[in-house]
Amino acid sequence: MGQRFYRLELKATENAYVSATAVPKADALVSYADGVEVSVQDSDGNNCSPLDAEEARFGSSESPRPITATAARRVGPGEKSCTGAGTYYVLVERTRSSGTIRSATAREDWDLELHVASEPALRAGGGTTPPRAWDSASPVPPSGERTPREGGTSFNDARGLEKGVWGADIKPGETLFYRVPVDWGQQLSVSAELGSSSGSSSGGGVGTGATGAGPGRDRGYVSSALVTSLHNPVRAQVEDSDTAYDGKQKSSSLKPLPPVAYENRFALTDEVTAMRFAGWYYVSVHLSPDVAEKFGDAPLDLTLRVDVEGSPRPGPAYAGTPRPEDDFGVSERDAEAAQRGDTAAAGTGDGGGDGGRDDKLMAVIAVGGIGTGVVLLGILGAWMLIARWRAGAAARF
């Protein structure tokens, strides 16, 4: 089992969040239990997260796609471990199933993306009770014509969306990434629809649906064909949903979510706890490669219905500045980026997206060359690392 350690230098008064995204190749062979685990540990090897390790698995779809696990070092009321300033360690592990395909999966290269964010403590002690009342009724999705907007390939180039109906083509085996700004007090809802394979289009002028599937191929069935996932600003998973596909149009909606509130972190359910930050929320949509075997490899129509309800409210009074600074809030520039469909890597000269952010740098490293060393995750500098894993070798994943 491959392991890699990274080092964090933390203050006593900051929450630190580390996400690890495993990105297998589109034709990689993966099983239900294959995945990635990440944990934050102190200098004695004690885990700082409530669980021993946060993990992500490919699950029942058994489809190669980006999956993300997130771990944290938290400070505040009730936190009794990993509370001091000093050196902490991030352990990232690639996990594998023990079945017959283990030797095959071990030979596959996976890319790895790491993201680090720091959230300061509050200036004064706040409430520790999550909001008790919020509208948990299933929202009515937005209607109307679709606006074309192709998705990105990862968190780092996710395309901005605002409230509305959006359309794109999605190919079997493809994962599309989008991001939606959600401010304090606002409530997000997302639903995804997949068009039929008969060549019809659901409107909006995007795509024509799969064609050329061949005689009889429109009578197949693919379980977990469309997987829709939502992640919060630190890339921790909020919720996901999947739907089967039989060649006819299908839809899948995320469960109702509470308005974004700092106090949500004290809730007992994961999907409420995850709605603890204002900022960019990420929507990823994956279409199983098995769809190509049943219905042909032409793209299908994808429709996303995004709703953001509620007026923005003042955010918490932090005792310091979050890093990256605009990861925990929504600015006017973010709203404009969502309207234009900018990515996080938009150009610096036109005011688009997050362009021009000096505090968010990307470094490319080869994990195979690290050996047994410990690499600094520069929480003051390099916020994202992209690496390549290979399992089955002592010095590389």
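User: Is Cys82 buried or exposed?
Analyst: This is a predicted model. Buried means under 20% relative accessible area. Cys82 has 7% relative accessibility, so Cys82 counts as buried.

User: Which residue forms a disulfide with Cys82?
Analyst: The whole structure holds one disulfide. A disulfide needs two cysteine sulfur atoms within 2.5 Å. The sulfur atom of Cys82 is 2.1 Å from that of its partner, Cys48.

User: How many residues apart are Cys48 and Cys82?
Analyst: The pair links distant parts of the chain. Cys48 is in the loop between strand S3 (35–41) and S4, and Cys82 is in the loop between S5 and strand S6 (86–95). Cys48 is also buried, at 6% relative accessibility.

User: What is the handedness of the disulfide of Cys48 and Cys82?
Analyst: Look at the torsion about the S-S bond. For Cys48 and Cys82 it is about -85°, so the disulfide is left-handed.

User: Which side chain of opposite charge is nearest to Arg65?
Analyst: Arg65 is in the loop between strand S4 (54–57) and strand S5 (67–73). Arg65 is buried yet has no salt bridge. A salt bridge would need a nitrogen–oxygen pair within 4 Å. The nearest side chain of opposite charge is 5.4 Å away, and it belongs to Asp240.

User: Which backbone oxygen does the side chain of Arg65 reach?
Analyst: Beyond four places in sequence, the contacts of Arg65 include Ala22, Pro24, Arg57, Thr175, Val227 and His286. Phe58 is also one of these contacts. At 3.2 Å, the side chain of Arg65 reaches the backbone oxygen of Phe58.

How values were computed. Residues are numbered from 1 along each chain as its sequence is written. This is a predicted model: local features need pLDDT of at least 70, side-chain atom pairs count only at pLDDT 80 or more; totals for chains, interfaces and linings use all residues. Side-chain values use heavy atoms; hydrogens and water are left out. Helices (H or I, at least four residues) and strands (E, at least two) are DSSP runs, numbered from the N terminus. Buried means under 20% relative accessible area, exposed over 50%, partly exposed in between (1.4 Å probe, protein chains only). Lys and Arg count as positive and Asp and Glu as negative; His and the chain ends are not counted. A polar contact is a pair of N or O atoms within 3.5 Å; within protein, one must be able to donate a hydrogen and the other to accept it, and residues adjacent in sequence count only if both atoms are side-chain atoms. Contact means heavy atoms within 4.5 Å.
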